[in-house]
Each structure stands twice: as structure tokens, then as C-alpha cells.
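Hi,

Here is the structure we talked about, with the sequence alongside.

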Amino acid sequence: MGLKILTVDDSRTIRLIVNKAFKSFDCEVLEAQNGVEGLAVASKEKPDIIILDITMPIMDGYETLTKLKSDPELKGIPVIMLTAEAGKDNVLRIAKLGVRDYLIKPFKEELVVDRVGRVIDLKPKGQGQAKVKRFDDPLNILIVDDKPAIVEQIRNGLKDTKWVITGKAHSGETIDHCNKVVPDIIVLSLSLPENAGFNLFTMLRGNAKTKSVPIFGLCVKTAAEEQAKAQQVGFNTVVTKPIDIEDVKSKVSRALNLDTSYKYFQQRDGVLLLNLPANFGPSVANEVTLHLRPQFSDAVDSGLDKVIMDFSAVKTADISLIKLGLEVMGLCSELSLKNRIIGSEAVTRECKNYEETKDWRFMNSFQDAMAALN
Amino acid sequence: MIDDLEEMLKTAVSEVFRKMLKVEVRSVPINSGAMGAETHIASAVGFIGDMTGVAYIYASATFANKLTSAMLEMPEGDVQGDEMVNDAMGELANMVVGSVKAAMVERGMSCVLTIPSIVRGSNISIEAISTATRRVLCFQFDDNQKLVVELMIKPPEDNE
């Protein structure tokens, strides 16, 4: 459990509404029904923020706030007043007492979250927890682009995943959608009219629900100015058009730190098998490289001492394949692991042409490789 | 001033229900201020200062239960007993009167609010002393359910 939010209000209804507002965030909402209880809970629990009502029996909000601010241990806790008593006189009075902010009832839940999110670093539930998402887990990807064809192209490209692609064309509907469903990734067109993409980025970063969601810019490859501006303002990355779907998958995997190792690594018949797919290229090579050390450590830890690299599906031996092969060889040597490579005819032939790979010995099948290792 | 207050009340009720319950209400003529045989809940919040008075919000217990479930976004069956409904009705009154108070403060009339109190029962009616100025407003919801807001103000000369 991360942050602690203390709501001090004599109304159970308000305390329930505050609880509900923060339900989707990684925080604990503590409750007190008057100032005396509030001070006791604050002393014991040291909350990260207090949402304090004014009109309460036993001890009202003014007295509670005064006592909080005069206690050396509690005076640093930010306080937001939540009160039905609006009006300049109240606002001036509570401002003098040193509140961080104030909210007037009636209020919208989103507003409470927004104001609290400006003071403490709220994170959606599940983020930063131990469970690592896998590439084949369902994800919500929000595409904000006024061209439906682009949304459709991405949706089609990703149809072999369990990812749900939602398209929105305008800022307003994007914010509404994000308040209902917090996406795992937002892909935002940088070429929306009137700079809307960049303005929306600022709004999303200022919203407690979306401030930690990775946001990718989307623009044509040649729009260097937009790409530079996106990097400058803090977009996580930029996807360029024409869209390379493998690049999108790779960027999503990296942004969310998705576990993709199961796609390439397998422990089978007492060996660690590295299986490269037909669409192998620089993006896949980067992904595999990220998993190499943990996977090799795991294998050694499990008592394995053999590695088979299956390059048979790979169409051509380009520089990324060679670099990866050399890295695997290096790791095998470091960890004293025996290894063999399975390769197609084309890859075997091409590897003979490079100084670094001319001595690689290729096997025709998994069985041949196993026989050679035993 | 009392006519202004009536407008302030209408605005406050609309705003509170729109923000807290996401529903639109409309002001309709009232037939009678008395509550029928069905159990009703009346929540009252007073204001004391340059202007002194009390506002009541009342509805049938069935409708108050619906309002509570809408406010807390929970199924009606999950509303736990009278206490939860009382609290929600009290909070609605607090917000409505708080909004009216803010508008009064803007006009240079300062006051403080009391904590809400609840009356629950059937065949009850709210009466005012003869010198008090009284306004009764009725608000209708989409499902024809009604909520009554009654405002009683002590005339300024009696506020000494």
C-alpha cells in the first residue's frame, strides 16, 4: 500500500464518496468523523494528505487545522479543505491557516482526485506492484487521431494480440474516456488541428489518472520539428508514419516493461532454447537482448548447462542477428555453457561471409543440436 | 431579498443534484407543503448571522433511498438502513444551504451554518412562526419523483 489519505468529515456520505474517488489509486483512505478523531488518526498514521471538512461537531475544521499546524510532527501534512461553506470570508480565513487548497461542496469526484493529485503523487492501482504484465496479457491502447484510417490500421496490425484498441478523435472525448477507463498506453497524433495534440498531452499529464500513463506521439516520419518538440515536452516516444507495427509492439513492450521473454526463451529437454521468429529485426533483437542475462541466470540457477539458438525461421543474417549471436556466445563462455545453433541454409551461407561468424557451426534441427551437445 | 433567495435556492438545488447525483431537476409548482401518510425524511440546516433562518429538504423515504444510492453510486439494495439515508439527506441539505450561503456572502451578508438535523416520520408538517418569511419550492425529477425545499427566514429587524 502506498499513500495514505485521511478524510475528516462528520458525514459518512462524504467519507464514502472520497473513498470511492480514490478506489482506483494505489492509496489507503483513512476516515475520521470529527477533528478530535482526525488529529488522533493523523498522529498515529501520519497521512500524506488530509481532506478536512469545516462544519463538524465536537471539533470543527478551523480548530482541527489550527491544532495540526501547531503540532511540529503534523504541521507538514498538506491539508485540503472540503466544505459546503463557500464565500470569501471562509476562503480568506482558511487561507490564513495555511491550507494547501480548498474544495467547495457540491463537488465532482474527479475534482477531488485532481486537487489531491496536484499535491501527492497518486498512482493507479497495480502500477509498481510486483506482478509484471506479459506481452500476451490484455491491454487498453487509446489512439487519439482524427483520421479513422490510422486507428483502423493500428487495430488491424495488432489483431494478433489481446490488446483492445480504442480510437478517439477529439480532446474532450479523450478526457472523458480516460476518466472512465485509464488506458495502458496513449498514442496521440501530433498533427491534430490547432496544436491540440500537445495541449491534450499537457492536460493528460496534469490529470491524476493519466499522469503516469506512457504517451506516444504519432506523426509522419519527415515531421522532424514535431518529433523534436514531442521529445522536448516529455512524450515517452514517437511512432512515425508509415507505421511499423513491430516497432509499435516493441515500444509498447518497453514502455510497460512487458515480459516478452516467453516468446523467445524456453527451457526444454534440459537445454535453454532461444527461438528467433521469422519477423526478426532490430526491434526483436533489442527485446531479446533485454531478456538475455535474466534468462541465462535463471537457466543456470535451474541447473541447465546447454543452450540452443534456433535461427531457422530467420530469413537473413543481418547485423542485428550477428550481434545477438555474438552476445549469446559471450554469455555462454562467461557461464561455461555449451551451445549450438540451428540455422536455415540461407543464414548458414550468409554467416560464412563474415569474419566474426565464419566459424559458427550450424545444425539442421533441434535433434541434431541435442545430439551434438550430448 | 426573499425573491432573490428563491432564485438562489433553485440554482443551488440544480447544481447540487447535477454535480453529486448527475441528474437534472426542474422546479415545478407545489400542490401542498404537507407530507402524506408515506414515511418522509426532512433534513434541516440552519444559518445564523446577518440573515437567520432554516432550510428543510424533504422527500419520501423511498425516494430518499433512491437519492442516497445515486449519490453513492451503489445499488439501492446496498444502502444500509436509515442512518445512511439520513446522512445523505443531511449532506444534500448542507450543500444546498452552503451554496445559498455563498451567494448571500457575495451580497455582503455573512452567516454560519448549523450541522444538519433529520426528522423522519409520516403525516408530519413543517410550520413557521407568523413573522417568518417562508418559501416552498418543489423540484421534479425525470421519474416524476418530487423533492421539496422549504426556506424560513427571520426578518432582518428581528435579528437583533
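Arg268(A) stands opposite Val271(A), which belongs to strand 12 of chain A. The two strands involved there are strand 11 and strand 12 (residues 271-275) of chain A, which run antiparallel and are joined by four bridges. Before going further, please keep in mind that this is a predicted model.

That pair is part of an open sheet of five strands in chain A, with the order 11-12-13-14-15 and mixed pairing. Strand 11 (265-268) and strand 15 (362-363) of chain A are at the edges with a single partner strand each, so one side of each has no neighbour in the sheet. Helix 13 (residues 319-334) of chain A lies across strand 12, strand 13 (306-311) and strand 14 (338-343) of chain A. The helix runs at about 175° to strand 13 of chain A.

Chain A has another open sheet of five strands, and here the order is 7-6-8-9-10 with parallel pairing. The edges are taken by strand 7 (164-168) and strand 10 (237-241) of chain A; each has a single partner strand, so one side of each is left without a neighbour in the sheet. From one strand to the next, the twist averages 25°. Within this sheet, strand 8 (residues 185-189) and strand 9 (residues 215-220) of chain A pair in the parallel sense over four bridges. If you want a place to look, Val187(A) stands opposite Phe216(A) in strand 9 of chain A.

Helix 8 (residues 196-206) of chain A lies across strand 6, strand 8 and strand 9 of chain A, at about 155° to strand 8 of chain A.

Asp101(A) sits in strand 5 (residues 101-104) of chain A. Which residues is Asp101(A) in contact with, leaving aside its neighbours within four places in sequence? They are Val79(A), Ile80(A), Met81(A) and Arg115(A). With Arg115(A), the side chain of Asp101(A) makes a polar contact of 3.4 Å.

Now to where the chains meet. Chain A and chain B bury about 2000 Å² between them, and 59% of that is on carbon and sulfur atoms. Arg12(A), Thr13(A) and Pro106(A) supply 28% of the area that chain A buries against chain B, more than any other three residues. The contact takes 23 residues from chain A and 26 residues from chain B.

How many salt bridges does the rule find across the interface of chain A and chain B? There are two. Lys105(A) forms a salt bridge with Glu91(B), with the closest N and O atoms 3.0 Å apart. Between chain A and chain B, seven residue pairs are in polar contact. On the side of chain A that touches chain B, the elements giving two or more residues are helix 1 (12-21) and helix 4 (88-96) of chain A. Helix 1 of chain A gives the most, with six residues. By class, this side of chain A has nine nonpolar, five polar and nine charged residues.

Best wishes

How values were computed
Residues are numbered from 1 along each chain as its sequence is written. Chains are lettered from A and ligands numbered from 1 in the order in which they are written. This is a predicted model: local features need pLDDT of at least 70, side-chain atom pairs count only at pLDDT 80 or more; totals for chains, interfaces and linings use all residues. Side-chain values use heavy atoms; hydrogens and water are left out. Contact means heavy atoms within 4.5 Å. Buried area is the accessible area (1.4 Å probe) that two parts lose on being put together, summed over both. A salt bridge is a side-chain nitrogen of Lys or Arg within 4 Å of a carboxyl oxygen of Asp or Glu. A polar contact is a pair of N or O atoms within 3.5 Å; within protein, one must be able to donate a hydrogen and the other to accept it, and residues adjacent in sequence count only if both atoms are side-chain atoms. Ala, Val, Leu, Ile, Met, Phe, Trp, Tyr, Cys and Pro count as nonpolar, Asp, Glu, Lys and Arg as charged, and the others, Gly among them, as polar. Two strands pair if DSSP finds at least two bridges between them. Axes are lines fitted to C-alpha atoms, for helices over the stretch in contact, and angles run from 0 to 180 degrees between N-to-C directions.
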